[in-house]
Amino acid sequence: MQETILFKRSLSLIQTYTLDIMTILASSKLAIHFPIALLLLFGFKQPAQAAPAVQVTQTLTASESLTELGIQIAASPTPKPAEALFERAIQIAEAIPTLTERTQALLTIARRLREANQVSRSQQLIERSIQLLLDRVSEPVKDDYDKARQQEDLAIVSAQLAEAGQVDRAIQLVRTRISSDLRKGQALNKIAVAIAHQGKTQQARELLSEAVRSVKGDTEDYAYESNGSCGNEKFAIFSEIAKSLSLVSELDQALQVAETIWGCNSASGDAAQYYQAWAYLGILSHLDTVGQLQQTWNSAKRMPQAPNVSGDPVERLMTWHELADKLIELGEIPLALSITTQLSTLSKVKDDNRMYIYSDFLVKMGQENLQKIALKLAKKRQFEAALQVTQLLADAPSRQNIVRKEIAGQFAHTKQLDRAMQVANSVSDPTMRTRSKLTIVENLQKVGLTTQADTLFESLIPALTPESAPELIAIGQRDRALNLIAKLDEQSDAHQRILIETALQFVNLNQLEPALKLSSKLKENGNRHPVLLAIAAQQVKLRQLDQAMDVALSLKNSSHWELPLQRDRLLASIANGFAQLGQFEKARQAAEEISEDLARVAVISGLAK
């Protein structure tokens, strides 16, 4: 649990320097290409002083000539940055063994070339890609499953063809080469998203209406359930279509689609697919007015609508929490509180048909959502609302105390010291109570009330413990914090946990050297790597790119399952940073370290724009 939280915290830092990844998910297989999908569309731009891309007029008709030309240019004594980067991307793309992925990579480069006004070369790669696509169609299939994968590949690549500016040809391929109504709907949806981002909203709406009809017209059974897994491909595609309809401001139709689908759970209860929640979350990602959110709430509060389906409380938890969050962002606090109150009852729903772990999972998820809402209200300084939600966490005192700590700090920041101390004193755990008061000290310092801050801190010295180290760092008591940590047993879980929290506090304050020193004392990779990722992300932000690269290289051989994806995202941001400084060789070197071929192609070609 602790590892997951830390990965999320470090990931959020890295995400600060990357673009929205959801555009990629529209053109990649969710199941097969998810790690790739998170990297394909980094929108890197060269600085204004960068050398312009160079037009290559040589005709390229075969993979061999593309590869050979790439090698020649990349190895030339003084290669022009954009030219060499584009050719290196082509070289990597042509070496990808899987036909579909090779086509995707080449189309990514074609789109980048088009954006760089190298229209002729872009068209050459498009023609090459279309031939590869037709080759994929002509491949013999072994069985129905293989045929379905072939059709899905066509759907994915046709969308990328539209992104590369070939909308009419993409639609023609879908209508003439895809026989499955399901896959046709999937492809039309992906193309609609691509052209919506190009400003062709009306055409996108027409394609989405056709996609809905096509998927509805498919009568095959795409649902399955077993002890280990469950799924429904029709619902998965409808979930994406609902999101796309919201993108083009067709909220009524989007909600209608969302109301017709629901999730599934495996027979054992160990795995689930939350299609209805994903549909609503996709819809919500495009909404920005209270009226739209109210309309969505009117629909979502009836989840689910399908007959003979009891529905999964998890889907409602996910959807209702996001609704409340967005309403808080827009300042619509009463409706957000109303939804939150109903949200608090969902985690108490009992289901005797589930495994025993399900109830615990549901309770923890509900409590986590309430904690997030309360913290957001506190940070928005909606104090009474935050305290009201905090009362809903009575069964989770540790989460309740975390929220009260934040509320106390925010009261202090608004110079309401009496209210701040009142909330801090209500914290049930003595250690957290002290930490809450240290947070008050920090905020008093920030607003210039140094005398009150010093007086309060002096009164807290006898109560300080190693757990107070992060707050001590925040108020400038670095030596005291490190001395307290040194008293802990280095083999204890508490020692490792406090080291992590303290190191991340150093990162927040841009004090990276002490953060690195503390990270070296973490014994498990699962603890150390999230901290290193957070440090490197901050180094990128501070333009300490060589140091960030050193960190990325030090993580190269880790076996932690989440790390390769996180490391690739870090390398992409490092490459972007070097490119913005005009250091294209270093940018290329960072991009070359990316492990996924498709991602590496996208980043390198993106650097060349």
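**View 1. A salt bridge joins E233 to R149.** The closest N and O atoms of this pair are 3.6 Å apart. E233 sits in helix 12 (residues 233–247) and R149 in helix 8 (residues 144–163), so the pair links distant parts of the chain, 84 residues apart. A salt bridge here is a side-chain nitrogen of Lys or Arg within 4 Å of a carboxyl oxygen of Asp or Glu. Side chains of opposite charge can pair when their charged atoms come close. E233 is partly exposed, at 27% relative accessibility. R149 is buried, at 13%. Buried means under 20% relative accessible area, exposed means over 50%, and partly exposed lies in between (1.4 Å probe, protein chains only). Helices (H or I, at least four residues) and strands (E, at least two) are DSSP runs, numbered from the N terminus.

The model is predicted: local features need pLDDT of at least 70, side-chain atom pairs count only at pLDDT 80 or more, and totals for chains, interfaces and linings use all residues. Residues are numbered from 1 along each chain as its sequence is written, and side-chain values use heavy atoms, with hydrogens and water left out.

**View 2. E471 and R435 form a salt bridge.** Their closest N and O atoms are 2.8 Å apart. E471 lies in helix 24 (residues 469–474) and R435 in helix 22, so the pair ties together parts that are 36 residues apart in sequence. Salt bridges that share partners join K405, R435, E471, R497 and E501 into one network. E471 is buried, at 5% relative accessibility. R435 is buried too, at 11%.

**View 3. R136 pairs with E139 in a salt bridge.** Here the closest N and O atoms are 2.7 Å apart. R136 is buried, with a relative accessible area of 11%. E139 is partly exposed, with 33%.

**View 4. K437 is buried yet has no salt bridge.** This lysine is found in helix 22 (residues 430–446). The nearest side chain of opposite charge is D418, 12 Å away. For charge, Lys and Arg count as positive and Asp and Glu as negative, while His and the chain ends are not counted. Leaving aside neighbours within four places in sequence, K437 is in contact with M421, A424, N425, L456 and L460. Contact means heavy atoms within 4.5 Å.

**View 5. A disulfide joins C230 to C264.** The S to S distance is 2.3 Å. A disulfide is a pair of cysteine sulfur atoms within 2.5 Å. A search of the whole structure finds one. C230 is in strand 2 (residues 230–232) and C264 in strand 3 (residues 264–265), 34 residues apart, and the pair links distant parts of the chain. The torsion about the S-S bond is about 85°, so the disulfide is right-handed. C230 is buried, at 3% relative accessibility. C264 is buried as well, at 15%.

**View 6. Helix 29 (residues 545–554) has a buried side.** Its buried residues are L545, A548, M549, V551 and A552. They cover an arc of only 160° around the axis, which puts them on the same side of helix 29. The arc is that of the directions from the helix axis to the C-beta atoms. An α-helix has 3.6 residues a turn, so residues three or four places apart point the same way. The face turned away from the buried side carries the exposed residues D550 and S554. The buried residues of helix 29 pack against helix 28 (525–541), helix 30 (563–580) and helix 31 (584–592).

**View 7. L287 is found in a loop between helix 14 (275–284) and helix 15 (290–300).** L287 counts as buried, at 5% relative accessibility. Not counting residues up to four places away in sequence, L287 touches S246, L251, Q292, L293, T296 and K326. L287 and K326 are 39 residues apart in sequence and 8.8 Å apart in space, C-alpha to C-alpha.

**View 8. I109 is among the residues with the most contacts inside the largest nonpolar core.** That core has 174 residues, and L377 and I574 share this standing. A nonpolar core is a set of buried Ala, Val, Leu, Ile, Met, Phe, Trp, Tyr and Cys residues joined through side-chain atoms within 4.5 Å. I109 touches F86, A89, I90, A93, L125, V601 and S605, not counting residues up to four places away in sequence. Of the 609 residues of the protein, 55% count as buried.
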